[in-house]
Amino acid sequence: MTAIDIKDFSFHYPDGTPALNRVSLSIEPGEKVLLIGPNGAGKSSLLLAMAGFAQGTGSVVVEGLKVTKKNLKAIRQVLGCCLENPDDQLFMPTLFEDIAFGPLNMGLSQAEIEQRVTQALTTVGLADKAHKPPHHLSAGQKRAAAIATVLSMAPRIITLDEPDGSLDPRRRIELQTLLKSLTQTLVIATCNMNFAYALADRVILVDHGQIVADGTAQTIMTDRALMETHGLELPAL
Amino acid sequence: MHHAHIDKFAYQDSPIHRLDARAKLAVTLIATLLIVALPRFSPDLAFYTWLGPFVLLVLGRIPIQFVAKHILWALPFILVLALTSLWYDRTETTILFGPFQWHSTMGWLKCLTLTAKFVGSMLALTALICTTRFSDLLMVLQRWHVPEILVIQLGFLYRYIFVLIDKAHHTKQARTLRTLKRLPTKQELRIGAAMIGSVLVQSLDTSTHITQAMQARGFTGQWHSPRQFHIKPADWLFMAIATLYIGLLLHLGSMY
């Protein structure tokens, strides 16, 4: 079954500004897809549409479930999304409670919740920070914690919006390693071409709310004319 | 940002923190109702209501300075109300406080009682908030069938108040960094109004993102806590002592 299938999806902001214009794409299970494009291209809107936060025309289907109000609960157990700002993602008083928030809403048993939280924290390297308030973590740790909040729900698809933002090179490499190690379907929006090139199985270039190019990182990200036309730089190979 | 949360001590471990949230909330509510219902001219009795919460704060290892600071912050609001009593009721009376007594007016008596009652209620509520996690309190309210909408509102208020504080702090910092001299009052007021507007709009935006993050993780309006509630022997003992204490205050109140 296709992980995500989007057909002719269009979405406008409440003030009428078009964000996405007749976007169609299909993502297979296990793919690591990087959405690249300049600021305001529509990458974040596309991720929000996958999670059911951007209602527009056309259809978005996640693992066979059409994104409608009725299916949202089921979709959110399959697709986990990490927002651009980890401070928005971390809202509970301790890291443990934050990571347990999703599993608690899924109605899991106490033992399973503890096991999932511990496993998610270990995966992102924050096992020793379980009882710290999230706002006391560093930028890199917050980013890792935000990913852990999603991992604890064991989704099969994860969307991440600019996960490399405000990370120093060491933390960025750590994040790359973490994301590479995940077996889930990943859809990542980024403006950082080196980060995208290091991770991507597939790259989708978005601009002006439309998909401009779709292919391997090698094909798209080495095409100087294409990249520069859309205000992007070539990765440092 | 690091907030000086009013509940920052709720994550400590002490015999009071380990008590069941239901027992603490029930006792606090009853004690607060009792304080409100005490006779209007009973300052000595109102002062006795400080004792119970004070013991809880000490056993809960809550710094008294922290509690005093929060009470002092809120005190001016009640003082305005309490001090007006001085003008309305100037009947001469004798005030008794333990072994001490002095002559004054009924207005003073009322003012003292009102202030002491307020401090007593604040101590009780602070003791509850400082020794109980907010998520546990929300869970208790849910279990007691408090309307869901109210529980959700309380939960969001708890989260968004800090969003608002953060935004206000950042906006103030940005303004300070670009302030080289004081502008004419009219201009300062205009800038102040624009800043408040900007803070509210930004907070709304952030609140929307937080709501999205919560919904994305399956939040549908029900609060859950990873902690389990069990009434233990220590909870029964706490409730028994609290009942005795409240009963004694009621008895003393009935003698007025």
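## Helix α1 of chain B

In α1(B), the buried residues are A21(B), A23(B), K24(B), V27(B), T28(B), A31(B) and I35(B); a residue is buried if 20 or more other C-beta atoms lie within 10 Å of its own, exposed if 12 or fewer, and partly exposed in between, with C-beta atoms placed from the backbone. They lie on the same side of α1(B) because they cover an arc of only 155° around the axis, the arc being that of the directions from the helix axis to the C-beta atoms. The face turned away from this buried side carries the exposed residues L33(B), V36(B) and A37(B). The cover over the buried residues of α1(B) includes α3 (51-59), α5 (106-131), α6 (134-143) and α9 (233-254) of chain B.

Helix α1 of chain B comprises residues 21-37, 17 residues in total, and reaches 24 Å from its first C-alpha to its last, close to the 24 Å expected at 1.5 Å a residue. The expected span is 1.5 Å times one less than the number of residues in the helix.

## Basis of the model

The model is predicted: local features need pLDDT of at least 70, side-chain atom pairs count only at pLDDT 80 or more, and totals for chains, interfaces and linings use all residues. Residues are numbered from 1 along each chain as its sequence is written, while chains are lettered from A and ligands numbered from 1 in the order in which they are written.

## Chain B as a whole

Chain B has nine helices and two strands, in the pattern α-α-α-α-β-β-α-α-α-α-α along the sequence. Helices (H or I, at least four residues) and strands (E, at least two) are DSSP runs, numbered from the N terminus.

The C-alpha atoms of chain B fill a box of roughly 60 × 55 × 30 Å, taken along the principal axes. Of its 256 residues, 29% count as buried. Two residues are in contact if their C-beta atoms, placed from the backbone, lie within 7 Å. Among contacts in chain B between residues at least 6 apart in sequence, 82% join residues at least 24 apart.

## The sheet of chain A

In chain A, four strands form an open, antiparallel sheet in the order β2-β1-β4-β5; two strands pair if DSSP finds at least two bridges between them. The edges are β2 (18-27) and β5 (65-66), each with a single partner strand, so one side of each is left without a neighbour in the sheet. Strand β1 (residues 4-12) pairs with β2(A) in the antiparallel sense over six bridges, and D5(A) has S26(A) in β2(A) as its bridge partner.

Two residues of these strands have a positive phi without being glycine. D8(A), in strand β1 of chain A, has a phi near 50° and is exposed, with 12 other C-beta atoms within 10 Å. R22(A), in strand β2 of chain A, has a phi of about 45° and is partly exposed, with 13 other C-beta atoms within 10 Å. Most residues other than glycine have a negative phi.

## Where the chains meet

The contact between the chains takes 27 residues from chain A and 19 residues from chain B. On the side of chain A that touches chain B, α2 (72-78), β6 (79-82), α3 (86-89), α4 (95-105) and α5 (110-123) each supply at least two residues. The largest share, six residues, comes from α4(A).
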